Amino acid sequence: MTKRIRKAVLPVAGLGTRFLPATKAIPKEMLTIVDRPVVQHVVDEARAAGIEHFVFITGRNKGVIEDHFDLAYELDDTLRKRNKLKELEALLADLPAAGATSFTRQQAPLGLGHAVWCARDIIGDDEPFALLLPDMLHHSHGKGCLAEMMDAYEKHGGNHIAVAPVPEDQTHQYGIVGVEDRNAKVSKVTKMVEKPAKGTAPSNLHITGRYILQPTIFNLLANQEPGAGGEIQLTDSMIALSRLEPFYSVRFDGDIYDTGSKIGFLTANIAYALDRGDLGPQLRQEIERLLES
């Protein structure tokens, strides 16, 4: 019987240097996709999948993320007095339950693996957990990416990685997995390679930034030697873990936007806005007008 996944780790300590000067004082995770911060979209995905507790790995100048997931008494009171109950209800609906968020400092930019390791005492040594990279928005018109992974986990147990195809000539830019059946929705992982040399990738399926991991990963991360860039690489420890426990790929068939890049961020804003009935039709007209000018 698989152990239920209740907690999710969200690494939000990055400096967002690709978006300077916008991120000089505002965390990149608080930049908005339409009218919701990037990190809120990711939390929404996790909540829809049944996650109950959110562990944020933060750094200096990230306090506004903590404030975002807290009550804002003055704002709530003002909305209530002005009878803006719809807006107030929306804010309260997004608010996690009391005690359902934890924040811990990474303190030094030592890589994704180190960020995950910082969550070890909050997750515990006997509980599997989800890991979501907030830069990577997984846009689906059906069941969300993490929800699909939860379904696969309940059936197979073990560890799971969300994957999606990329053009063969771009595989050297990504973490790539080899699988038993690249056409299957869920398949056993046979190999993991971080940015393989051109022509050597075991498939065209790249790791998209959603994971379900067993707590065994923490012991491996604790002893992991620095890898590429002098950082503790999560992939290195996952490769070691794959020798001990099974890994499965879960193919995501929606759209993925890297909001850490300017093009990905802008495209995500357009895609999410076009999906909305209150914005989509008018935005489509404005886009057509701009393209014709």
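Reader: Is K195 buried or exposed?
Author: In this predicted model, K195 lies in the loop between β10 (186-194) and β11 (205-213). Its relative accessibility is 51%. The cut-off for that class is over 50%, so K195 counts as exposed.

Reader: What is the phi of K195?
Author: K195 is not a glycine, yet its phi is positive. The value is about 50 degrees.

Reader: Where is N61 found, and is N61 buried or exposed?
Author: N61 is a residue other than glycine with a positive phi, near 65 degrees. N61 is found in the loop between β4 (53-58) and α2 (63-68). With a relative accessible area of 66%, against a cut-off of over 50%, N61 is exposed.

Reader: How many disulfides does a search of the whole structure find?
Author: A disulfide is a covalent bond between the sulfur atoms of two cysteines. C118 is buried at a relative accessible area of 13%, and C145 is buried at 1%. For disulfides, the search of the whole structure gives zero.

Reader: How many residues apart in sequence are R4 and E52, whose side chains meet in a salt bridge?
Author: The N to O distance of this salt bridge between R4 and E52 is 2.6 Å. R4 lies in the segment before β1 and E52 in the loop between α1 (38-48) and β4, so the pair ties together parts that are apart in sequence by 48 residues.

Reader: Which residues are linked with R4 and E52 in a network of salt bridges?
Author: The structure holds 19 salt bridges. Some of them form a network in which R4 and E52 are linked with R6, K7 and E127.

Reader: Are K62 and E29 buried or exposed?
Author: The side chains of K62 and E29 meet in a salt bridge at 2.8 Å, N to O. This pair links the loop between β4 and α2, which holds K62, to the loop between β1 and β2, which holds E29, 33 residues apart. Relative accessibility is 6% for K62 and 2% for E29. The cut-off is under 20%, so K62 counts as buried and E29 is also buried.

Reader: With which residue does E148 form a salt bridge?
Author: E148 is in helix α7 (residues 145-156), and its partner, 37 residues apart, is in the loop between β9 (175-179) and β10. The closest N and O atoms are 3.0 Å apart.

Terms used. Residues are numbered from 1 along each chain as its sequence is written. This is a predicted model: local features need pLDDT of at least 70, side-chain atom pairs count only at pLDDT 80 or more; totals for chains, interfaces and linings use all residues. Side-chain values use heavy atoms; hydrogens and water are left out. A disulfide is a pair of cysteine sulfur atoms within 2.5 Å. Buried means under 20% relative accessible area, exposed over 50%, partly exposed in between (1.4 Å probe, protein chains only). Helices (H or I, at least four residues) and strands (E, at least two) are DSSP runs, numbered from the N terminus. A salt bridge is a side-chain nitrogen of Lys or Arg within 4 Å of a carboxyl oxygen of Asp or Glu.
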